[in-house]
Amino acid sequence: MRPFADSMMGGYDSDMGRYSDLMSSATVVSQAQSSLQQAMSQLQEIDSTVRDAKSIAPFEGMVLERLVEEGDTVQPGQALIKFGFVKFKRLQADVPSGLIRYLDEDMVVPVRIDGHVETMAKVAQIYPIADPSRHTVIVKFDLPVDITASPGMYAEVYLPERNKDKPKVAVIPRTALLSGRSLPSVLLVNDSNVSELRLIRLGSDQSNGMVEVISGISVGERIIDNPPPSASSGWMPTAK
């Protein structure tokens with residue numbers, strides 16, 4: 001029947017027809033696979049977009065500040081929120097580069113938080129580079145777990161300065177300051193055992209109600225403690 005079919009169909013080649021049908025079917029399968037891959041890629045892109053819309057912190061904490069609002073346009077790399085790890089608290093200070101040589105990791109130094117909470121902190125990290133414009137180095141201090149403090153509080157760190165040649169600084173009780181004066185002043189007792197009004201420049205507060213005096217009096221000079229507000233040069237306390 002094959003020669004007759006070939007002659008009736010005008011020289012039709014059945015082998016070539018079957019080959020053409022197979023190639024067409026293979027092309028359809030390839031296009032279907034391409035469409036499937038494209039759909040999978042679109043699904044992965046959607047999953048990535050959904051995943052990027054949600055951030056999961058790798059540690060326990062809380063949102064300290066939200067930097068954008070709903071509907072804002074953001075750019076890659078732009079900060080969206082500030083997230084803090086509040087289980088363990090840490091101080092960060094810009095330490096003058098000249099004091100860094102006196103600090104070592106795991107060293108314990110005294111600190112004061114919010115002006116009244118005094119505790120000790122351990123040096124946790126010293127940055128290896130300094131700020132070229134401010135000449136400071138970032139140092140992080142670990143605080144005790146039970147300390148009462150919150151992110152953003154003001155803190156003072158007392159650092160050691162091992163300089164034996166540094167001149168001594170006078171420290172006086174705050175009760176020696178004359179009240180009601182526009183400038184800090186004290187009554188200094190001279191060698192003739194007579195008081196003189198002396199203007200001074202105060203420094204940082206010390207413990208037990210003491211205050212540092214930067215200039216105006218020197219270490220070893222005598223002053224009158226608890227003078228009355230109306231006292232002036234020449235006033236001396238009466239002996240009891």
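This is a predicted model: local features need pLDDT of at least 70, side-chain atom pairs count only at pLDDT 80 or more; totals for chains, interfaces and linings use all residues.

User: Which residue in strand 5 is the bridge partner of P110?
Analyst: M120.

User: And the hairpin of strand 4 and strand 5, how many residues sit between the strands?
Analyst: There are 3. One of the residues in that hairpin, D114, takes a positive phi near 60°.

User: What about strand 4 and strand 7, how many bridges join them?
Analyst: 3 bridges, and the two strands run antiparallel. Strand 7 covers residues 155–157. Within this pairing, V111 has V157 as its bridge partner.

User: Back to strand 5. T119 is found there. Buried or exposed?
Analyst: Buried. T119 has 15% relative accessibility, and the cut-off for buried is under 20%.

User: What is T119 in contact with, leaving aside neighbours within four places in sequence?
Analyst: V109, P110, V111 and I113, plus L143, P144 and I147.

User: Switching to the surface. Which residues form the nonpolar patch?
Analyst: F59, V63, V74, L80, I81, F83, F85, F88 and V145. Together they have about 770 Å² of accessible area.

User: Where is F59?
Analyst: In the loop between helix 2 (14–52) and strand 1 (62–66).

User: Why does F59 count as partly exposed?
Analyst: Because its relative accessible area is 38%, which lies between the 20% limit for buried and the 50% limit for exposed.

Definitions and conventions
Residues are numbered from 1 along each chain as its sequence is written. Side-chain values use heavy atoms; hydrogens and water are left out. Patches are made of residues with over 30% relative accessible area and no salt bridge: like charges are joined within 9 Å, nonpolar side chains (Val, Leu, Ile, Met, Phe, Trp, Tyr) within 5 Å. Accessible areas come from the Shrake-Rupley method with a 1.4 Å probe; for residues, only the protein chains shown count as cover. A salt bridge is a side-chain nitrogen of Lys or Arg within 4 Å of a carboxyl oxygen of Asp or Glu. Helices (H or I, at least four residues) and strands (E, at least two) are DSSP runs, numbered from the N terminus. Buried means under 20% relative accessible area, exposed over 50%, partly exposed in between (1.4 Å probe, protein chains only). Two strands pair if DSSP finds at least two bridges between them. Contact means heavy atoms within 4.5 Å.
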